Amino acid sequence: MTRKSRRKTKPASVEGLPADWRGKAKALRRYGSETAALVLDLCADDLETTIRERDETTLSLVEAARESGYSREHLGRLVRDGKIPNAGRLNAPRIARIHLPRKATPPPAPPLARDAPRRELSNRQIVRSIIRRGMEDGTHETWPA
């Protein structure tokens with residue numbers, strides 16, 4: 001009987017990748033692969049720099065609204081109330097991307113529901129359709145008088 005030993009790994013977040021890559025570089029160095037370890041360290045450094053620059057980027061209220069899903073007015077109110085730090089000036093607020101709230105997005109609709117054409121039917125049309133199908137199938141019953 002053979003036993004497969006697979007270590008379950010959870011998907012890494014982008015922010016966690018540099019640390020993950022440095023751990024793999026350390027393991028590669030233990031086995032004498034300095035060149036591959038150096039490449040992983042350089043990639044980790046580049047990714048950390050990119051993440052830091054992304055988080056420090058400031059957005060106008062219009063840009064922040066487009067990215068977050070909240071309205072410009074709501075974001076402006078959060079800045080005025082001090083719930084989000086103002087990364088701009090007094091009358092020209094900006095929001096750092098790292099402080100930007102994100103509106104939860106609903107899960108996508110199943111493919112069939114999303115792709116089906118939408119038709120609005122009245123109750124009368126639905127009843128007629130049911131009666132017609134019943135008569136075509138021969139499954140209709142006669143109503144007692």
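Helices (H or I, at least four residues) and strands (E, at least two) are DSSP runs, numbered from the N terminus. The model is predicted, and local features need pLDDT of at least 70, side-chain atom pairs count only at pLDDT 80 or more, and totals for chains, interfaces and linings use all residues. Residues are numbered from 1 along each chain as its sequence is written, and side-chain values use heavy atoms, with hydrogens and water left out.

A salt bridge was taken as a side-chain nitrogen of Lys or Arg within 4 Å of a carboxyl oxygen of Asp or Glu, and the count by this rule is 11. Within helix α1, D20 and K24 lie four residues apart, about one turn of the helix; these residues form a salt bridge in which the closest N and O atoms are 3.6 Å apart. Accessibility was classed as buried (under 20% relative accessible area), exposed (over 50%) or partly exposed (in between), with a 1.4 Å probe and protein chains only. D20 is partly exposed at 32%, as is K24 at 45%.

E67 forms a salt bridge with R97, with 2.7 Å between the closest N and O atoms. This pair links distant parts of the chain, 30 residues apart: E67 belongs to helix α3 (residues 61-68), and R97 to the loop between β2 (94-96) and α5 (111-115). The relative accessible area of E67 is 32%, so E67 is partly exposed.

A further salt bridge joins the side chains of R72 and E73 at 3.1 Å, N to O. E73 is partly exposed at 45%, and R72 is partly exposed at 41%. E15, R54 and D55 are connected in a salt-bridge network.
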